[in-house]
Amino acid sequence: AATRAKKAARNFLQQCRQEGISASDMISSIRQYLNERFDLSLGTLTANEAVDILRSRRVSFATAERLRKVIEGLEDAVYTGKGQETCELSENISDLIKQIEKEIR
């Protein structure tokens with residue numbers, strides 16, 4: 001399980017480094033990370049579900065809320081027709097995933 005968890009974060013961080021990753025792809029990457037990290041099978045992911053998952057794993061409220069805001073921003077981009085444009089948040093999201101990993105341990 002620990003190997004799977006480390007691999008989930010590593011895979012996510014590699015995807016974040018891709019040039020021109022879109023908001024739509026970033027939402028998919030976050031969902032995939034949570035599925036792999038916590039052995040889930042989410043087909044879709046809402047900001048509230050992400051917060052609930054993290055809080056149930058003892059991630060701090062502040063960190064969970066940061067992820068909520070990121071997902072909501074990505075969703076806004078998707079629903080306003082900008083989902084295929086390059087996501088400017090990839091470095092911030094990478095830092096956030098690293099923080100989540102620290103808090104889970």
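Predicted model: local features only at pLDDT ≥ 70, side-chain atom pairs only at ≥ 80, totals over all residues.
## Overall fold

The chain has five helices and zero strands, and, when read along the sequence, follows the pattern α-α-α-α-α. Its radius of gyration is 13 Å, close to the 13 Å that the globule rule gives for 105 residues, so the chain is as compact as a globular protein of that length. Taken along the principal axes, the box filled by the C-alpha atoms is roughly 35 × 25 × 25 Å.

Among contacts with a separation of 6 or more, 64% are between residues 24 or more positions apart.

## Nonpolar core

The largest nonpolar core has 31 residues, of which Phe12, Met26, Ile30, Leu34, Leu74 and Ile93 touch the most other members. Two or more residues of this core are given by each of helix H1 (2-16), helix H2 (23-38), helix H3 (47-56), H4 and H5, and the largest share, seven residues, comes from H2.

## Two buried residues

Thr63 lies in helix H4 (residues 61-82) and is buried, with a relative accessible area of 4%. Leaving aside neighbours within four places in sequence, Thr63 is in contact with Leu96, Gln99, Ile100 and Glu103.

Ser94, found in helix H5 (residues 90-104), counts as buried because its relative accessible area is 12%, under the cut-off of 20%. With neighbours within four places in sequence again left aside, Ser94 is in contact with Leu13 and Cys16.

Buried residues make up 43% of the 105 residues in the chain, while the accessible surface comes to about 6200 Å², of which 44% belongs to carbon and sulfur atoms.

Methods. Residues numbered from 1 in each chain as written. Heavy atoms only, no water. Helix = DSSP H or I, 4+ residues; strand = E, 2+ residues; numbered from the N terminus. Buried < 20%, exposed > 50% of the residue type's maximum accessible area, 1.4 Å probe, protein only. Contact = heavy atoms within 4.5 Å. Core = buried A, V, L, I, M, F, W, Y, C linked by side-chain atoms within 4.5 Å. Rg over C-alpha atoms; globule rule 2.2 N^0.38 Å. Areas by Shrake-Rupley, 256 points an atom, 1.4 Å probe, with all protein chains shown as cover.
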